[in-house]
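The stops below say what to select at each step.

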Amino acid sequence: MSDKKVNTSILIPSDLLPKDGRFGSGPSKVRPEAVEALMLRASDYLGTSHRQKTVKSVVGSLRKGLSELFELPDGYEVILGNGGATFFWDTAVFSLIQNKSQHLSFGEFSSKFAASAKAAPFLEDPIVIKSDPGTHPVAMPDSSVDVYGLTHNETSTGVSMAITRPEGATGLVVVDATSAAGALYVDPQEFDCYYFAPQKAFSSDGGLWLALMSPQGIERAKKVTSSERYVPPALDLGIAIDNSLLDQTYNTPALATIFLMDNQVQWMLENGGMNFTTARCARSASILYNWAEASDFATPFVEDVAMRSNVVATIDFSDEIDAMAVAGILRANGIVDTEPYRKLGRNQLRIALFPSIDPADVEALTASIDFVVSKL
Ligand SMILES: *Cc1c(COP(=O)(O)O)cnc(C)c1O
């Protein structure tokens, strides 16, 4: 369907358009106010040493801000390093899994951590519990498992799941929260390691990973990385922990990324923290899903309402409407990145509803889509 020529002559009236047309699931909308704040630090923060106080204080502010945002219990620490969430999968394989892991696999991202664990010659084959795209499986307590790999929000399909420890489980709960963190509620008592990258709900750029770690998680990382196993230093979570506690990273981080993320965390806190962000995303989600439910050409892809994500929505289109063509026309009108996740292969739009996105813009997006479809 993609070789059809996009009809770019459809002009959406400006009063229907969202004020900001960025609906991508990552990199996602960066608030212009954060970029302006960065501009003001163009000559005393950017281009200065990450081992000195100026930068370390921003890293410290980010760590403290995340700790407040998630209301981390005593003993939990905010750890960070370079490489993004993908890099953290390998970090977890080398530094957190002792023998054997269990993974819930229900889309492109959740399947990847499982694949990394399977490929590691020093680990037993993982247990992988799968479910169809558009649903999520449930973890099974298993005494042979020392890490449960969960995903809070499967960005490729728009499915989210509540994070809870499998009943009676002794293994660590290690959660990929890349697109969920800061936008969906989580109780820190339910995880040992909750990791994410800054380019989704935190409206910054990619390339960094952050992990909220429980005392048990930290203890495991120290134990595994000081064992006989060879652990490359860049994948050594023990080294990352030592550096993070000093408000540093093992090697040079992107200073702009850290600044923008800290600005976003402070913005979230000033507006009411997780109550603010989760409510705002829920409002955007209800606008979009209610519109799709009422539409005669659009339907939410995720059937089970409890699994529908409040941060990344997938909306199926009926056969006679080519969703890719609609996304192309939206793009020509400045509404970008609503294209479906390619590997899912469905006739749908995927729309991010992160905290930075104004619910009023989601409303305007639905009006814009209705306009485009009426002109096809
Ligand atoms: C975006 C995403 C990733 C990959 O993040 P990178 O920082 O690009 O490595 C991993 N997991 C989930 C759930 C994501 O949404």
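A crossing of two helices is called left-handed if the near helix is turned anticlockwise from the far one by less than a right angle, and right-handed if clockwise. Helices (H or I, at least four residues) and strands (E, at least two) are DSSP runs, numbered from the N terminus.

This is a predicted model: local features need pLDDT of at least 70, side-chain atom pairs count only at pLDDT 80 or more, and totals for chains, interfaces and linings use all residues. Residues are numbered from 1 along each chain as its sequence is written, and side-chain values use heavy atoms, with hydrogens and water left out.

**Stop 1: helix pairs**

Select residues 323–332, helix H9, and residues 359–375, helix H10. Their axes come within 10 Å and cross at roughly 115°; axes are lines fitted to C-alpha atoms, for helices over the stretch in contact, and angles run from 0 to 180 degrees between N-to-C directions. H9 and H10 are therefore roughly perpendicular to each other (angles under 35 degrees count as roughly parallel, over 145 as roughly antiparallel, 65 to 115 as roughly perpendicular and the rest as oblique). H9 passes H10 in a right-handed crossing.

Next, select helix H1 (residues 32–40) and helix H7 (residues 255–270), which pack at about 125° with axes 9 Å apart. That angle makes H1 oblique to H7. The crossing of H1 past H7 is right-handed.

**Stop 2**

Now show side chains. A polar side-chain atom of Thr86 lies 2.5 Å from a ligand oxygen, and one of Lys200 lies 2.7 Å from a ligand oxygen. The protein buries 87% of the 390 Å² that the ligand exposes when taken alone (Shrake-Rupley method, 1.4 Å probe).

**Stop 3: backbone exceptions**

Most residues other than glycine have a negative phi, and most peptide bonds are trans. Select Gly26 and Pro27: the peptide bond between them is cis, with omega near -5°. Pro27 is in the segment before H1. Finish at Asp247, where phi is near 60°, in the loop between helix H6 (237–244) and H7.

Conventions:
Polar contact = N/O pair within 3.5 Å; in protein donor to acceptor, adjacent residues only side chain to side chain.
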